[in-house]
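Hi,

Here is the model we talked about passing along.

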Amino acid sequence: MNAREIAAAAAALDDVFSDDIVVPAADGYPLAATLFLPRGRKRHAVLINSATAVPRKVYRGFAGYLARRGAAVLTYDYRGTGDSRPMAATTGLNKPKSLAGFKATMADWAALDTTAAVSWMRYRYRDLPFAYVGHSFGGQALGLLANNAEIPRALLVASQAATWKLMASPERYRVVAFMNGIGLPLARTLGYVPGWAGLGMDLPRGAFEQWRGWVMRERYLLDDATLAARENFPKFKGKLRALVITDDTWATRPAVELLCSAFTSITPEIISIRPADAGAKAIGHFGFFRSDHRDALWRGAAEWLEAEG
């Protein structure tokens, strides 16, 4: 998100309340979060779950948009990312500690962080209809949650079984080269993967190594026999809509369909969106959450999230 987009998102929040808070993970780890509330009556509750290496501020505009329509919305950072990384007190400043030695996997993000965020929202807004929004990994996490049966409605945006073989070419080869030739050596040498290597955000070693292992598998995390949480996919029985952005080189339609196939208790609705549908030249893996798509993309998503039954 560039400076112009951040300014636009901030301006759009003038008519909603937003508060930076801490939500405890299932093991008590403090997760940095932001709660957005409408100034009028709350009619819905929505949890937004981030993509890998994407800070919660990227979803600020969309969260504010939903809040203006009457939703209580929570965004948060997974442990070891964004503002949910450990801090080191220094003279006059509070700076993030190095992630070297910090223990966290993507499975932890789902089991400890997302699970707790769902429970926090369900308890706090137990009298409101609840919906889940997952971007990329945030959508993958839905299937791993032990409490996903508590989620009646989920919107997945660019969420996929991200095996390299289902990515568009030549992006698939760039990803393989980065994962094996840059990311993995850095993770093993430094104890984490620094954002300057190309991710834009530091990642814990365990999270990166697990991610890389899934990307290199035939069916992504669905092939990981060590991942016991895969058994939770069939527990989800709510409404599921998955959005495919046709110029997204990571979450191609076959990759989205593969992830959706794991939700065996339901028939997910998969919808393709072309950039032209939004009057744009490109949307890609991250563009859905840009504020200039408010009317073309956000409105339909909001209406679906707010639907009942």
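Predicted model: local features only at pLDDT ≥ 70, side-chain atom pairs only at ≥ 80, totals over all residues.

Let me start with the aromatics: ring pairs tie Y59, F62, Y65, F288, F289 and W298 together in a cluster. A pair here means Phe, Tyr or Trp rings (for Trp, the six-membered one) with centres within 6.5 Å; planes under 30 degrees apart are stacked, over 60 edge-to-face, and the rest tilted. There are 18 aromatic pairs in the structure. In one of them, the ring centres of W214 and Y220 are 5.6 Å apart with the planes at 70°, so this pair is edge-to-face. W214 is buried, at 1% relative accessible area, and Y220 counts as buried at 1% too (buried is under 20%, exposed over 50%, partly exposed in between, with a 1.4 Å probe and protein chains only).

Numbering runs from 1 along each chain as its sequence is written, and side-chain values use heavy atoms, leaving out hydrogens and water.

Now the sheet. It is open and mixed, with 8 strands in the order β1-β2-β4-β3-β7-β8-β11-β12. Helices (H or I, at least four residues) and strands (E, at least two) are DSSP runs numbered from the N terminus, and two strands pair if DSSP finds at least two bridges between them. β1 (16-24) and β12 (269-273) are the edge strands with a single partner each, so one side of each has no neighbour in the sheet. From one strand to the next, the twist averages 20° (axes are lines fitted to C-alpha atoms, for helices over the stretch in contact, and angles run from 0 to 180 degrees between N-to-C directions).

β1 and β2 run antiparallel, joined by 9 bridges, and D20 has T34 in β2 as its bridge partner. Their hairpin has 5 residues between the strands, and G28 takes a positive phi near 90° there. β3 (44-49) and β7 (130-135) are parallel over 5 bridges; N49 is partnered by G134 in β7.

α3 packs on the sheet, touching β1, β2 (30-38), β3, β4 (71-76) and β7, with its direction at about 160° to that of β4; contact is heavy atoms within 4.5 Å. Among the buried residues of α3 are W109, D113 and W120. Helix α7 (253-261) lies across β8 (153-157), β11 (239-245) and β12, at about 165° to β12.

Cheers
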